[in-house]
Protein chains: 2
Amino acid sequence: MSYNAPLKDMLFVMNELAGLPVISQLPGCEDATHDTVQAVLEESAKFCGGVIAPLNHPSDKEPSFWHGGHVTTSKGFKEAFKGFGEAGWQGIQHPTEFGGQGLPKLVAAPCIEMLHAASLSFALCPLLTDGAIEALLTAGSSEQKATYLEPLITGKWTGTMNLTEPQAGSDLAAVRTRAEPQGDGTYKVFGTKIFITYGEHDMAENIIHLVLARTPDAPPGVKGISLFIVPKFLVNADGTLGARNDAHCVSIEHKLGIKASPTAVLQFGDHGGAIGTLVGEENRGLEYMFIMMNAARFAVGMQGIAVADRAYQQAAAFAKDRVQSRDLAGSPGPVAIINHPDVRRMLMSMRSQVEAARALAYVGAGVGDMAHSHPDADARAANLALYEYLVPVIKGWSTEMSETVTRDGVQVHGGMGFIEETGAAQHYRDAKILSIYEGTTAIQANDLVGRKTVRDGGAVAKSLVAQVRATEAELAGVDNADFAAIRRELEQGSAALEAVVDFVVANIKGDIKAVFSGSVLYLRLAGIVLGGWQMARAALVAQRKLDAGEGDAQFYKAKIATARFFADHVLSQAGSLRTAIVDGSAGVMALDVGQF
Amino acid sequence: MSYNAPLKDMLFVMNELAGLPVISQLPGCEDATHDTVQAVLEESAKFCGGVIAPLNHPSDKEPSFWHGGHVTTSKGFKEAFKGFGEAGWQGIQHPTEFGGQGLPKLVAAPCIEMLHAASLSFALCPLLTDGAIEALLTAGSSEQKATYLEPLITGKWTGTMNLTEPQAGSDLAAVRTRAEPQGDGTYKVFGTKIFITYGEHDMAENIIHLVLARTPDAPPGVKGISLFIVPKFLVNADGTLGARNDAHCVSIEHKLGIKASPTAVLQFGDHGGAIGTLVGEENRGLEYMFIMMNAARFAVGMQGIAVADRAYQQAAAFAKDRVQSRDLAGSPGPVAIINHPDVRRMLMSMRSQVEAARALAYVGAGVGDMAHSHPDADARAANLALYEYLVPVIKGWSTEMSETVTRDGVQVHGGMGFIEETGAAQHYRDAKILSIYEGTTAIQANDLVGRKTVRDGGAVAKSLVAQVRATEAELAGVDNADFAAIRRELEQGSAALEAVVDFVVANIKGDIKAVFSGSVLYLRLAGIVLGGWQMARAALVAQRKLDAGEGDAQFYKAKIATARFFADHVLSQAGSLRTAIVDGSAGVMALDVGQF
């Protein structure tokens, strides 16, 4: 159950598909030279594989536990988190001004992938802390930045996101937690928040809760929500810790997976009120929270890729090791099960989906860097629009992909896969949260349909289709069966995506429920078409390298075969998704509620 | 988390699709009158819903446990099993001559479904006992039948299947357990068996292990395997229990799901040898074991349908109850989430797949009854060939279907689905074993390709395609959008299935690995096409009833809408499966083992 970071594929995607050579020329990204990036990735691989990965299975067996308001995390987590912070990994993508390394998102992405592949449960603490840092960078006052950013970025403290309340799952309009101004610039916060990841733990000196709450005169609904900093320990003017704040963990959840990650119920203000300070302006909390959410959504997409790759690595290792039954083509004795076609099919399915999702996510990270750092404002705006289209796709598709990939990971192990000792089942359990938290796939799909497709009349989506078609034209230039198959399926995929975008835009006014009946399927379609596009681009690069006699021929041949597999087995689903979206909306709402 | 047996759908399928009126006229099936069947199903629903279903979630939280060679089952299991046996449920499909009720498989099928929906873990004990009964009925000596059948059929004792050994998962050729003749008609059995469901427990006085082992001069491989009865307690001539046999449970597994069902490691002969008697003839053990396996495989298919329906019921109840966010079409306040299109889509997907798989399985059971009881030998043979084609499809497709349905069951619950207390996650965990045990889906698919398709040149498969086409012609007689969509997708499905059967038959000699690269996908394709066919037949019946003004119009309208949904959303995948099988085999074996 070791983890070996796929550095070769990561660097290939970064350099050949996601534009690292261009991004490293952007203002502020100059440190991301080829050599630095290679060194950072190697160091990250060493730390994640050597220090974090070995904690993953034991911490599932002996999860974090609650006792009298405290949470003791799994054995080794505290020490590992100390090492993580000290080595600077929390700060990889954050400003040097506050102690970070200031590297582009594209360089952070593989490091984040490695950390999550090593242990989803462990990596969630840095993930939430990243979100808090982003929100404070964007909306915090200079005093708040001075107080909180450096300890967060250096891993001395950690951060949380407090949205959900018992009566309001994904519906933030229903938030009831209230914040009463004390007249001294502080507020007293009262309420209950649930599902707070790392809401309490023993890995850091302080926990900085970012909490959505309503001020007394706030308008109802989402327009009356403000964002507050409520630290576990109040912070003195000199940065030292003051009194324990009135924010207490009353229990943690017993979950299907990510058991080592404590999911807290937090009670604010049961003993007089939790002291908080307002972030940014009143009633703009949702907007700030979306900053955290967008960063977190991208990272959760990376989680899907990470756990899927871990499951793939484990299944491949088992399949090479486990000897059972003769080869179908004849063999003197039993052979390793990787030689059996259905095992191989599952491994190829896992591999090809991981590679496609990784490529799409890293390309997304690169687009995010362009949106942030490009010197030209129009280019920034265009890349921002593209990035915002891609984020729900990366989050939704990569996470649902991880469910099927970790499922195949169990299946490759046969009966052993069902035994917890084997470890394959843990990935299957862990992965299931990814399509739920930080917004379920349906919520990502609402975002994709509403804000990302309908609002611009499908313009960004169509611009992507046009880019896919340009790749199709390039594919025509390679004359063999693999490229012909990739081209055929990509053409059908882009046609399906275009048809669905047209359907969405055309029907949003007249039949909104029909459109949203297929929203998740549209997201899935966008995922496989855009993922298939990246695999096609990868195959073209690989062919060029092979033609030129450059680099590792085995790697490039495998990349082309994997792209072919993805086209035939995954991209080929595009047509049925179009049918389900366009024709299939009729059946979705056909029954009365009473008929269920 | 209650369970209400879907009696209306069950009776509809039995009467209108699976031929109960014809089957109840077969010799030996005359007791299965309409009124008796209705009464049996109602009684079963009462027992399963009232006695077994409430044990399911608590027994997951406090599973069976091992202590010093003994296994204590979860609270309530022992008493429930006593009630189960006394009420005659173990004997429902077994001969009256040995204390059974002698009802057709078609009547047993819904009872089995209900029991498994109530608790997969509990119902596994009767499932394995059924297999032991079938093997003894077919191959046991009259003495063995006299000794073992009545206690097994009346639920006094239980049975097990002992195939797997640590070094040999699915590969029975590698079985090493040995049986040494003692010269007195008995054998001493030595060896280790793993993954033995209910291999040890406290619910019955005795456990009858059916064990695969090799006699001293047996040929190597699967042709040298014999089947032995090795009871936990030896049985005296008068049927009373004698000495404890040397068959001991040394541990039970810690599993992903079905935690209340003890999965034993059994050690035979560590203290001098476990006394066993040969079943049937030497070296024909595999053949007899296949009798148990085929019965068990059908039953495991029913497990898939059962747990999927339980997950559907729980998700639908939650979705009707949980109020969150406004209606997309506008509403004064938040509404029950069942009104949100994506929740509805998931519920329809769950419902339609459960109904399709149930219909196919019950039709299969009816075919099994015809194969067993039809007075005409040719009709028996034809139905047997059909039944044998359907069993791997029912087992493989229904179980993989249950994985996606229980997944959606978690998803409908959102964050609550990930919390074990909610109970949705249990179904997801429990379902994962179903596509693994009694032969993984790949093994079902090997059977479907090898023995069930290639051997007769695709004749049975093609005869099914012809029957599907006859239904397509009938669909053309109803002129509306629902039937047009069902017809269109069914036509594409039957064309895909035919093309794949041709591909399999044409390539088995020339490129066996290409054929088996798509074997699981072929099984899935057969499942959705044959399931879609049943839904189309159901829609036609429903339309006739509506036209005639007969029966429950709401039920029939829902059936048509559900058939339409299945066509657009599930059957529409047929084309992509054909692509993956026919074009996609190229990519499956393309990489060298070293490239993984």
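This passage describes the contacts between two protein chains in a predicted model, and then the surroundings of selected residues.

The model is predicted, so local features need pLDDT of at least 70 and side-chain atom pairs count only at pLDDT 80 or more, while totals for chains, interfaces and linings use all residues. Residues are numbered from 1 along each chain as its sequence is written, chains are lettered from A and ligands numbered from 1 in the order in which they are written, and side-chain values use heavy atoms, with hydrogens and water left out.

The relation between the two chains is considered at the outset. Two copies of a chain are related by a rotation about an axis and a shift along it. The same surface serves both copies, since 100% of the contact residues of chain A recur in chain B.

The interface involves 87 residues of chain A in contact with 87 residues of chain B, contact meaning heavy atoms within 4.5 Å. About 7,600 Å² is buried between chain A and chain B, and 63% of this area is on carbon and sulfur atoms. Buried area is the accessible area (1.4 Å probe) that two parts lose on being put together, summed over both. In chain A, the residues that lose the most area to chain B are Phe418(A), Tyr428(A) and Phe596(A), which together account for 11% of what that side buries.

Polar interactions also cross the interface. A polar contact is a pair of N or O atoms within 3.5 Å; within protein, one must be able to donate a hydrogen and the other to accept it, and residues adjacent in sequence count only if both atoms are side-chain atoms. By this rule, 33 residue pairs (both at pLDDT 80 or more) are in polar contact across the interface of chain A and chain B. Helix H18 (residues 553-569) of chain A gives the most to the side of chain A that touches chain B, with eight residues. Helices (H or I, at least four residues) and strands (E, at least two) are DSSP runs, numbered from the N terminus. The side of chain A that touches chain B has 38 nonpolar, 25 polar and 24 charged residues. In this classification, Ala, Val, Leu, Ile, Met, Phe, Trp, Tyr, Cys and Pro count as nonpolar, Asp, Glu, Lys and Arg as charged, and the others, Gly among them, as polar.

Over all chains, the structure holds 72 salt bridges, each being a side-chain nitrogen of Lys or Arg within 4 Å of a carboxyl oxygen of Asp or Glu. Eight salt bridges are found across the interface of chain A and chain B. Lys513(A) forms a salt bridge with Asp327(B), with the closest N and O atoms 3.0 Å apart.

Within chain B, Asp9(B) and Arg358(B) form a salt bridge whose closest N and O atoms are 2.8 Å apart. Asp9(B) lies in helix H1 (residues 7-17) and Arg358(B) in helix H10 (residues 341-373) of chain B, so the pair ties together parts that are 349 residues apart in sequence. Asp9(B) is buried at 5% relative accessible area, and Arg358(B) is buried at 2%. Buried means under 20% relative accessible area, exposed over 50%, and partly exposed in between (1.4 Å probe, protein chains only).

In chain A, Arg451(A) forms a salt bridge with Asp447(A), the closest N and O atoms being 2.8 Å apart. Both residues lie in helix H13 (residues 441-454), four residues apart, or about one turn of the helix. Arg451(A) is partly exposed at 41% relative accessibility, whereas Asp447(A) is buried at 4%.

Two further residues of chain A were examined. Arg429(A) lies in helix H12 of chain A and is buried, with 3% relative accessibility. Its side chain reaches the backbone oxygen of Leu256(A) at 3.0 Å. Not counting residues up to four places away in sequence, Arg429(A) touches residues of both chains, including Asp60(A), Glu420(A), Phe418(B) and Arg429(B). His413(A) is found in the loop between helix H11 (377-412) and helix H12 (424-431), and is buried at 5% relative accessible area.
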